[in-house]
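Subject: Structure handover

Hello,

Please find the structure below, with the sequence. My notes on what was found in it follow.

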Amino acid sequence: MRRIVVVSNRVMDLRRAAQAGGVAVAIADLFRARKGLWFGWNGKIVDDAHASEAPGIKVARSSGGSALATLALTSDEHRDYYLGYSNSVLWPVFHNRLDLARFDAGFYPRYMGVNERFARALSTLIQPDDIVWIHDYHLIPLGALLRRAGVANPIGFYLHIPVPPSQTFLAIPEHQALARALTAYDLVGLQTQADVANLIQFLEDSVSGRILQDGRIAAFDHRLAIESFPVGIDAASFASASPQRSSVQSVDDAQRIIGVDRLDYSKGLPQKFQAFCRFLEKYPKYRRNVVLTQIAPPTRESVEAYTDIRKQLEALSGKINGMFGELDWVPIHYIYRSTPRDRLRDIYRSSRIGLFTPLRDGMNLVAKEYIASQDPADPGVPILSRFAGAAEQLVDALIVNPYNIEETADAINAALLMDKGERIARYERLMSVIRTYDSAAWAASFLATLEAAAEERAHAVDPLTPSIRASMARLARTPLAPVGLKLGPSRRSAGHRRASHHE
Ligand code: GDG
């Protein structure tokens, strides 16, 4: 079996990875099934002189038997590449929040710079038989930069976050460079069919990509496969959840609604609190009988938009607890901290409702974890946002529009009224999907498709004449990144003309 080289922004000990959000959880699951090398940032920030002298690659045996190779970032890189371009441009745009994106802050050169540094370091570690799997929006250009460094191995890219509609994607000034970088991969994996449709449309609009008969996309001189591989969980590891363990604080006779979301504006937490407030107003018989436990570990605290959401939630939970709370009943338990994973499982199991209402989410692993933790004989009910990628698969959850406060409040009521027979029937159908598309199936299907796509590339008959190929090679050597490119109608049509000229 080929060695797998996984690349993601943040690399950490596999035992800690299960605490750190969806991407790390998915990669930790992947390394339980298959050993390899994990490359990326070690979480350290060093001063410039230090970083440029020594790239700081350290290969260590981790707990899982896989090797970790890591680099530190400089404080400028951390500001512009991580907090800046990745989390203040790509993250908000991909989650449909153009209003929060900082387009003109000049982050892009360092985003490219870190990707270039990663490419230089990684290309020395890749062996001829390796298969390379790059994860997430921080590293979109890395595949093209590895190719430029002479890496001929299969290289796949997986985007954990949603792909926005083409018109939204086109708002990123550097959209053409990003599109072109994507076309260097053998395979781009996305969470949902809707994401696949959006990305194909975007490649058509930005670089005149064309759909080929075999379903792949042609742009420049590349052929790219784009498919959906919905990320899954290790369902068995949640089956041992126990509500009886002392780790779960009793809520007496009250029924618990659980929410677990990184503290992020994409997760729809204010709307969730408002819906719970509306539920208590509209269905007063549940007062004292229901609590909402919301676990919201903080992330990216140096980004302003994240401080705002924290303040908003503190104000809302304070207001709702003040409005409805009694001496013996606090309606919202808001926990602004991370919780150990085994305790999380037990809390899931002890909760009659799982409330997962992101405004936009690539998948939402927490919804799957909640379902997998339920007692098959008396399961709880998941309420899920239609804008989470998981809604494409988990059709037997109660699906809501998270912006519609009334609808979510009514769904809480419907979940509490749902009889055991219906809860069990829905749970069984949901579990069958979760077991079939688990984390092992996700990794195996992505890697098999990647190997097949790379195999086709290796054996592809070149349909182009040598002179066309030579001019395309010249084009490929031009800079990936027209820094500061301003998108206007004339520029876009120039892009169209240029791409079609080379077809
Ligand atoms: C990204 C995409 C996509 C959360 N709080 C605690 C904790 N967690 C764990 C959960 C779950 C993971 O973190 C969160 O995963 P999600 O999928 O819900 O969300 P993101 O972090 O935004 O993940 C997302 C995912 O990547 C995978 O592709 O689904 O759409 O945004 O596993 O359990 N774990 C512990 N304590 C916590 O307090 N231990």
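To begin inside the fold: both W133 and W442 are buried, where buried means under 20% relative accessible area, exposed over 50% and partly exposed in between (1.4 Å probe, protein chains only). The rings of Y348 and Y370 have their centres 6.3 Å apart and their planes at 85°, so this pair is edge-to-face. Rings of Phe, Tyr and Trp (its six-membered ring) pair if their centres lie within 6.5 Å; planes under 30 degrees apart count as stacked, over 60 as edge-to-face and the rest as tilted. Y348 belongs to helix α12 (residues 341–349) and Y370 to helix α13 (residues 365–372), 22 residues apart. Y348 and Y370 are buried as well.

Before going further, some notes on the source. This is a predicted model, in which local features need pLDDT of at least 70 and side-chain atom pairs count only at pLDDT 80 or more, while totals for chains, interfaces and linings use all residues. Residues are numbered from 1 along each chain as its sequence is written, and side-chain values use heavy atoms, with hydrogens and water left out.

The chain as a whole

The chain has 503 residues, and 57% of them count as buried. Its secondary structure comes to 18 helices and 16 strands; these are DSSP runs numbered from the N terminus, with helices (H or I) of at least four residues and strands (E) of at least two. Of the contacts with a separation of 6 or more, 78% are between residues 24 or more positions apart; contact means heavy atoms within 4.5 Å.

Rings

The structure holds 26 aromatic pairs. One of them is W133 with W442, a tilted pair at 5.0 Å centre to centre and 45° between the planes. This pair links distant parts of the chain, since W133 sits in strand β5 (residues 131–135) and W442 in helix α16 (residues 439–459), 309 residues apart. Elsewhere, ring pairs join F39, Y81, Y85, Y108, Y111 and F118 into a cluster.

Two arginines lie over tryptophan rings. R10 is over the face of W41, 5.8 Å from the ring centre, and R300 is over the face of W91 at 4.2 Å from the ring centre. For this, NZ of Lys or CZ of Arg has to be within 6 Å of the ring centre and within 35 degrees of the ring normal.

Helix α11

Helix α11 (residues 304–324) has 21 residues and reaches 31 Å from its first C-alpha to its last, close to the 30 Å expected at 1.5 Å a residue; the expected span is 1.5 Å times one less than the number of residues. Its buried residues are A305, Y306, I309, L313, L316, S317, I320 and F324. Seen down the axis of α11, these fall within an arc of 100°, so they line one face of the helix; the arc is that of the directions from the helix axis to the C-beta atoms. An α-helix has 3.6 residues a turn, so residues three or four places apart point the same way. The buried residues of α11 pack against α4 (75–94), α10 (269–282) and β13 (332–335). On the other side of α11, E304, K311, A315, K319 and G322 are exposed.

Around helix α4

D80 lies in helix α4 and is buried, at 6% relative accessibility. Leaving aside neighbours within four places in sequence, D80 is in contact with Y85, G106, F107 and R110.

F103 is in the loop between α4 and α5 (108–123) and is partly exposed at 29% relative accessibility. Not counting residues up to four places away in sequence, F103 touches V89, V93, L98, A171, I172 and P173.

Positive phi angles

F220 is not a glycine, but has a positive phi of about 50°. F220 lies in the loop between β9 (217–219) and β10 (222–228) and is buried, with a relative accessible area of 19%. R288 also has a positive phi, near 75°. R288 is in the loop between α10 and β12 (290–295) and is partly exposed at 42%.

Regards
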